[in-house]
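Trainee: Hi! I'm new to this one, could you walk me through it?
Mentor: Happy to. Have a look first, then ask away.
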Amino acid sequence: TIAVVGSINMDVTAYMYRLPKPGETLHGKDYIVGLGGKGANQAVAARKLGSEVAFIGRIGADDFGKGAERALAAHGLDLSLIHKDHDGATGIAIINVGEGGENYISVIAGSNFRVDASDVEKGRAALEQAKVLLLQLEVPLEASLAAAAIVRERGGTVILDPAPAKDLDVSVLRAVDIITPNESEAGLLLGWQPQTPAEGLRAAKELRARGVKTAVVKLGGKGLAVAGEGIEKILPAFKVTPIDTVAAGDSFNGGLAHALEQGQGIEMALRYAAACGALSTTKKGAAEAAPTSTEVEAFLSR
Ligand code: ADP
């Protein structure tokens, strides 16, 4: 199984002809309200591919929380480890998507910031069984690291998506197995931002030198670079026409966890993940945009 400790948001996404400038009011095309939050996106992505997923997180006892529960349940996710905060607010994201799929996102964390050791403790049995744990930086780091320790003790693999961008202590890099920053997240961690695939590889090697076993630098449409035990490589991106790049990285991480859980080696798993990321850019929404295993297999065997 796969475990996820992470955020749950409802996303209000406006599809615009172009992104508004500060102080400007613009009419857009249309909007959707859907499940988001990096934790929920990654949990749904792995679940849609067919993995069993245990999800630990928090929502508020409000309308957005009900919407989030409905969406998680519709994807076949178990709600028993989702704590409902009676005096909290469900996290939200206000998203503007421009013509080429580029976006501006404002996040209000709400109950996500209250995820703590008690939530992790409640999920201990699930964590002990997990082969792969997915973490991000939208819930408190202490809770994430407590979960990582439980999973690693049983030989499981911990994948940290260091997003949203934040500088991390080397002790955090050593507490996880795989780290998956995009260009700007790698930039914050290293103090210089990789732009090209070659620079991505250099960034991955630098992250590895800091104590993480495997570093994967995600470069959007330019592909990815990986540095790990016995592998130093650039993988090109799949060619697609993106309409909404929101949560491409989450679909990627969900796909990576799924492939590793299935026993694939790191290189094959990254190829699978890249297909998931690419496919998700061709659909609107966050969690909803993640592909199914049938879609990924059809795409990979084109
Ligand atoms: P994030 O969403 O975290 O910023 P990226 O934008 O780098 O991450 O996307 C994650 C992965 O999704 C990429 O490494 C790539 O495999 C895939 N992907 C993203 N954008 C594109 C694109 N325009 N074309 C093809 N693949 C893409």
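This is a predicted model: local features need pLDDT of at least 70, side-chain atom pairs count only at pLDDT 80 or more; totals for chains, interfaces and linings use all residues.

Trainee: Let's start with the record. Where does UniProt place the "binding site" feature?
Mentor: The unreviewed UniProt entry puts it at Asn182, Lys218, Leu219, Gly220, Gly221, Lys222, Gly223, Gly249 and Asp250.

Trainee: Okay, Lys218 then. Which strand is it in?
Mentor: Lys218 belongs to strand β11, residues 214–218.

Trainee: And is Lys218 buried or exposed?
Mentor: Lys218 counts as buried because 27 other C-beta atoms lie within 10 Å, and the cut-off for that is 20 or more.

Trainee: What is Lys218 in contact with, leaving aside its neighbours within four places in sequence?
Mentor: Its contacts are Thr180, Pro181, Asn182, Leu224, Gly249 and Phe252.

Trainee: How about Lys222, where is that?
Mentor: Lys222 sits in the loop between β11 and β12 (224–228). With 16 other C-beta atoms within 10 Å, Lys222 is partly exposed. Not counting residues up to four places away in sequence, Lys222 touches Pro197 and Ala237.

Trainee: Last one: which peptide bond is cis?
Mentor: The bond from Ala163 to Pro164 is cis, with omega near -5 degrees. Pro164 lies in the loop between β9 (157–160) and α6 (170–174).

Conventions
Residues are numbered from 1 along each chain as its sequence is written. Helices (H or I, at least four residues) and strands (E, at least two) are DSSP runs, numbered from the N terminus. UniProt positions are given in the numbering used here, feature names are shortened, and annotations may be inferred rather than shown by experiment. A residue is buried if 20 or more other C-beta atoms lie within 10 Å of its own, exposed if 12 or fewer, and partly exposed in between; C-beta atoms are placed from the backbone. Two residues are in contact if their C-beta atoms, placed from the backbone, lie within 7 Å.
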